[in-house]
Amino acid sequence: MKELRIVRGTDVKLFIGDVPLFGVTDFTAVQKPRYYDVFEYLRSKPCERIPQGSRYEIKLEFMALFDGQLPMQEDFTLNVTNNGTIYCYKNCRVTERKTALKGDQKAVEVFLIEADQMRKAVTDDA
């Protein structure tokens, strides 16, 4: 399981397609393996687990004022750029949305997103 976590930074930018996201306070992406379970007749436990690649669980926190930026009904592509490296998460879909109040801080909207694949690319700025 690999994790990419961004807490704050001015050089990190997030995009839905080509549209930038504003008000992001926290970003976490975790890579998790995906398996296909094979069952025998009349057994409740799988006899074999076949690897089926990876899936990505993404957690995005927005300030409550900027909560309407993600498409809720259709799939989308999320691009994260950081110091010349682009992480492109494809076939993203929102699985959960909730509002969080943290003590005396401002309200944030928390979105849990699932993505089918991720591609990492390096851009040459020189």
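The legends below describe several close-up views of one predicted model.

In this predicted model, local features need pLDDT of at least 70 and side-chain atom pairs count only at pLDDT 80 or more, while totals for chains, interfaces and linings use all residues. Residues are numbered from 1 along each chain as its sequence is written, and side-chain values use heavy atoms, with hydrogens and water left out.

**View 1. The chain contains nine strands and zero helices.** Helices (H or I, at least four residues) and strands (E, at least two) are DSSP runs, numbered from the N terminus. Along the sequence, the pattern reads β-β-β-β-β-β-β-β-β. The chain has 126 residues, of which 29% are buried; buried means under 20% relative accessible area, exposed over 50%, and partly exposed in between (1.4 Å probe, protein chains only). Of the contacts (heavy atoms within 4.5 Å) between residues at least 6 apart in sequence, 59% join residues at least 24 apart.

**View 2. The largest nonpolar core has 21 residues.** A nonpolar core is a set of buried Ala, Val, Leu, Ile, Met, Phe, Trp, Tyr and Cys residues joined through side-chain atoms within 4.5 Å. The residues with the most contacts inside this core are Phe27, Ile58, Leu60, Leu70, Leu78, Tyr89 and Ile113. Two or more core residues come from each of strands E2 (12-16), E4 (24-39), E5 (46-63), E6 (76-82), E7 (85-100) and E8 (108-115). Leaving aside residues up to four places away in sequence, isoleucine 58 touches Phe27, Thr28, Ala29, Leu78, Tyr89, Cys92, Phe111, Leu112, Ile113 and Ala115.

**View 3. Strand E5 pairs with E4 and with E8.** Two strands pair if DSSP finds at least two bridges between them. E4 and E5 run antiparallel and are joined by 14 bridges. In this pairing, phenylalanine 27 stands opposite leucine 60 in E5. The hairpin of E4 and E5 has six residues between the strands, and leucine 42 takes a positive phi near 60° there. E5 and E8 are also antiparallel, with eight bridges, and glutamate 61 stands opposite valine 110 in E8. In a regular strand, the side chains alternate between the two faces of the sheet.

**View 4. Aspartate 116 and arginine 34 form a salt bridge.** A salt bridge is a side-chain nitrogen of Lys or Arg within 4 Å of a carboxyl oxygen of Asp or Glu. The N to O distance between aspartate 116 and arginine 34 is 3.9 Å. This pair links distant parts of the chain, 82 residues apart: aspartate 116 lies in the loop between E8 and strand E9 (117-122), and arginine 34 lies in strand E4. Aspartate 116 is partly exposed at 27% relative accessibility, and arginine 34 is partly exposed at 29%.

**View 5. Further salt bridges include those of arginine 55 with glutamate 57 and of glutamate 109 with arginine 97.** The structure holds nine salt bridges. The side chains of arginine 55 and glutamate 57 meet at 2.5 Å, N to O. Arginine 55 has a relative accessible area of 22% and glutamate 57 one of 30%. The side chains of glutamate 109 and arginine 97 meet at 3.2 Å, N to O. Glutamate 109 is buried at 8% relative accessible area, whereas arginine 97 is partly exposed at 40%. Salt bridges with shared partners join Lys32, Arg34, Arg55, Glu57, Arg93, Glu114 and Asp116 into one network.
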